[in-house]
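Hi there,

Here is the structure I promised to pass along. Have a look at it first, and then read on for what turned up in it.

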Amino acid sequence: METGEVRVVVVGTAQDGGVPQAGCDCRTCVTALNEPSRALHPASCLIMGLDGSLHLIEATRALPQQLGIAAKSLGVGDTAIPNSVCLTHAHLGHIDGLGQFGKEVMGSNGVPLFASIRVIEFIQKRGLSEPFQTKKVASGEPFAPSEGCGFEYELIPVPHRDEFSDTHAIKVIGPSSTLLFLPDHDDWRQTLEKARADSIRAWLNSLEVDFALLDGTFWSGDELEGRDMSLIPHPTISETISMLGEKEDGDPEVIFIHLNHTNPAIDIGSVEYRELTSLGWSVGEQGSTFVL
């Protein structure tokens, strides 16, 4: 089925644990438990190519629900069946849906799985590669996930707690627009140093992206009472928007994803959400679509 355009559907906007998060009785999680429509799934996207092929970024524990969200947004029936998978890194929330491609669930065979060499090696070591045809990808080299899909990926290296593998952002290069998917990195200083850029704006401009889905895990550095947040480093939204300031003409659309259940920006009625949006930036919504 030819579509005439490349479309990206956001099918998850939460941190790896999702909302509700296991073992949590905070107001946000309890509300989502009681009202399933308020649930947020781990950060993920699904892309429909020009030829109607479907390509998943990240394989999360919420895979059934996310494929349903994608199908509804794209008008392809009740669920979507991915023709390929691409991964940013090997942390649990980004790979724990891979097992659902196996014989116990979907029974897939030979699905192309794209990731860095270290991610593929970790997946193989964990015994999760059987349903896939693994494809080791080098940083900075654009590639198409399938012939005729009409878009390319490019892996952009970023620093992020690399205990199991390295980590990359994924640039999705469409016929007319480009999107950056960056759910995880440690901090802007290291990321910008690695990219040899002197500001977030300069880096995004150098990548020539029109849409940037950025790591918005925490709003501030004191959200997890009683826990050492240095063990789970992420740039906070408050830091990111202070570095960006107000949206300017020519800036890409910046959309924050990968929000932890503690992040007040989840609540559209919060002061934090209003502060963010007043500057011209936004928080990701499940089911939202971008045309590339």
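**Asp16 and its surroundings**

The side chains of Asp16 and His258 are joined by a polar contact of 2.8 Å. Before going further, please keep in mind that this is a predicted model. Asp16 sits in the loop that runs between β1 (7–12) and α1 (27–34). Its side chain also reaches the backbone nitrogen of Gly93, at 3.2 Å. Leaving aside residues up to four places away in sequence, Asp16 touches Pro42, Arg61, His91, Leu92, Gly93, His94 and His258. Is Asp16 buried or exposed? The relative accessibility of Asp16 is 14%, and the cut-off for buried is under 20%, so Asp16 counts as buried.

**Other backbone details**

Glu58 is another non-glycine residue with a positive phi, here about 75°. You will find Glu58 in the loop between β3 (54–57) and α2, and it is buried, with a relative accessible area of 0%.

Which two residues does a cis peptide bond join? They are Val19 and Pro20, and omega is about 10°. Pro20 belongs to the loop between β1 and α1, which is where Asp16 lies.

**A buried proline**

Pro82 is in the loop between α2 (63–74) and β4 (84–86). With a relative accessible area of 5%, Pro82 is buried. Its contacts, not counting residues up to four places away in sequence, are Leu46, Leu54, Leu56, Leu67, Phe101, Met106 and Val111. One of these, Leu54, is 28 residues from Pro82 in sequence, yet the two are 4.9 Å apart in space, C-alpha to C-alpha.

**Helix α4**

In α4, which covers residues 117–125, the residues Val119, Ile120, Phe122 and Ile123 are buried. Why do they lie on the same side of α4? They cover an arc of only 160° around the axis, which puts them on that same side. What do the buried residues of α4 pack against? They pack against α3 (92–95), β5 (111–115) and β6 (132–136). Just after α4 comes Gly127, which takes a positive phi of about 75°.

How many bridges join β7 to β8? There are seven, and the two strands run antiparallel. As a spot to check, the bridge partner of Leu155 in β8 is Ile170.

The pairing of β9 (residues 178–182) with β10 (residues 211–215) is in the parallel sense, over four bridges. Here you can look at Leu179, whose bridge partner in β10 is Phe211.

**The chain as a whole**

Stepping back, the protein chain has eight helices and 13 strands. Its C-alpha trace spans about 45 × 45 × 35 Å along the principal axes. For 292 residues, a compact globule would have a radius of gyration near 19 Å, and the 18 Å of the protein chain agrees with that. Buried residues make up 54% of the 292 residues.

Enjoy looking around, and write back whenever you like.

Best wishes

Conventions. Residues numbered from 1 in each chain as written. Predicted model: local features only at pLDDT ≥ 70, side-chain atom pairs only at ≥ 80, totals over all residues. Heavy atoms only, no water. Buried < 20%, exposed > 50% of the residue type's maximum accessible area, 1.4 Å probe, protein only. Arc of directions from axis to C-beta. Contact = heavy atoms within 4.5 Å. Polar contact = N/O pair within 3.5 Å; in protein donor to acceptor, adjacent residues only side chain to side chain. Pairing = 2+ DSSP bridges. Rg over C-alpha atoms; globule rule 2.2 N^0.38 Å.
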